[in-house]
Amino acid sequence: MDNIKEQIEKGKTTLGIEFGSTRIKAVLIDEAHHPIASGDHEWENRLENGFWTYTLEDIWSGLQDSYRKLAEDIKEKYQTVLVKPAAIGFSAMMHGYLAFDKAGELLVPFRTWRNGTTGPAAAELTELFQYNIPQRWSIAHLYQAILNQEEHVGRIAFFTTLSGYVHWKLTGEKVLGIGDASGMFPIDTEEGDYDAEMIRRFDERIAGKGFGWSLKELLPKVLKAGEGAGTLTEEGARLLDPDGNLAAGIPLCPPEGDAGTGMAATNTVAQRTGNVSAGTSIFSMVVLERPLQKVHPQIDLVTTPDGSLVAMVHANNCTSDLNAWVHLFREFAESFGVKADMNELYGTLYRKALEGEPDCGGLLAYGYLSGENITEVSEGRPMFVRTPKSRFTLANFMRTHLFTALGALKAGMDILTKEEQVAIDAILGHGGLFKTKEVGQRFLAAAIDTPVSVMETAGEGGPWGMALLAAYLWQKEEGESLQDYLSGKVFAGNEGVTIQPDPEDVKGFEEFEERYLKGIAIEQTAVEALQV
């Protein structure tokens, strides 16, 4: 405790703060990268005038509350005050649209990544660039505003993401980490900047509209991990810490997106590595050796915090329906007077799935609480299906629901590995699906036919990953890459537990996936027949 107190007082800590979709969390780490204090604030987006948004007041009151709770945690544990950490970093959910005029005033309420209002723009830009532009990307929001002839577009002087906005207000610097920037506009990884040819095409497309700006003028400057991104101003220090303890002049690392901090927190920034985050939704991040040969609407292309190209497969649904079945079993047990511990119940049911047949005995399920873009299902209709010849056992039933939680992700990953011949040496799994030892890990290995590792630190999450990026700014040696820093100084000796794909499981999952893809027609019919 005395050693940690000394590190805090001598400025040998780093601070990471991440704005998630439901929580703003601050994590302070020591010089050995261990979390030593934290504070968080819960918040929720709201639907206003057809857009999912958070107000500026939400942003700043939430940030101050999470920092205040961090300060209280430090005081309670170590009887000291945080004055000047070695470095700070901010991260947030990627994409979205925050547009400002020359006076720095917000022109329209913040439009988050969650908004599905940019379909025409995303389709048109994907065709124009020959590069997949998802609806949630910042450039899709801007172009949709142009297509909608929104009055504010001609007055834009700057637009950015949530992390870029917070960083700007605290430092005065209009910059963005390359990972977060890659969710605003496509990146040329050779140049480490926005793709100049695509900017030219965009400017040419809007040339006759008389806006008086070119796209490059509006975008934040792109920085890579380890580059200086300004220092905390006096005004910024008071914005972050109204109590007045935090000093100005603290270096800040480039602000990043939550995908980038997840890669840092799982040590998956090297080529041929990746991670899968599996909870309410599920997504994979695979660091590529080369660009993909074709444009695939199922795959986003972003970058690591140090600028390597990453293929992202994002499925909207993972464990929600699976959780609903577990809760049903709890209700059944309680009807018999048995008080079920939820951790024990999950563990028992998940492990039961290991006894199931490799292909789930002919059973089929879809856990679609919402639509699924990868399989082209517009709305959610959870369902369970079997034929008269299916083997309807509890083991097969649970295995089916665990397999289907990975079904859409596998469809996207198969495009990478089978069509694009992308090589993956290792995948690290993190999130709720992997809490029960072995089960989710073994099934993911079967789904993607790749070794899957799980590390204890993977649960630390994005704020810890952001604190690591701040530590890299502070502690890196001359010429030391982010990958070398993470592997040598953060994760050395922490290889985690690795499960190799079992050939029988792989074969069984392939048979299940064939059934899963054929059955999508049932889902699509349910959307048409069952109105909600």
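Let's start with an open sheet of five strands, ordered 3-2-1-6-13 with mixed pairing; two strands pair if DSSP finds at least two bridges between them. Strands (E, at least two residues) and helices (H or I, at least four) are DSSP runs, numbered from the N terminus. This is a predicted model, where local features need pLDDT of at least 70 and side-chain atom pairs count only at pLDDT 80 or more, while totals for chains, interfaces and linings use all residues. Residues are numbered from 1 along each chain as its sequence is written, and side-chain values use heavy atoms, without hydrogens and water.

At the edges of the sheet stand strand 3 (35–42) and strand 13 (256–257), each with a single partner strand, so one side of each has no neighbour in the sheet. Further in, strand 1 (residues 14–19) runs antiparallel to strand 2 (residues 23–29), joined by six bridges. There, threonine 14 stands opposite isoleucine 29 of strand 2.

Helix 5 (residues 162–171) packs on this sheet, touching strand 1, strand 6 (87–92) and strand 13, where contact means heavy atoms within 4.5 Å. Its direction makes about 145° with that of strand 6; axes are lines fitted to C-alpha atoms, for helices over the stretch in contact, and angles run from 0 to 180 degrees between N-to-C directions. Helix 16 lies across strands 1, 2, 3, 6 and 13, at about 140° to strand 1.

Helix 16 (residues 462–475) also meets helix 17 (residues 482–490): their axes come within 11 Å and cross at roughly 105°. The two helices are therefore roughly perpendicular, a label for angles of 65 to 115 degrees. Among the contact residues are Trp464 and Tyr472 of helix 16 and Tyr485 and Lys489 of helix 17.

Notes: Parallel < 35°, antiparallel > 145°, perpendicular 65-115°, else oblique.
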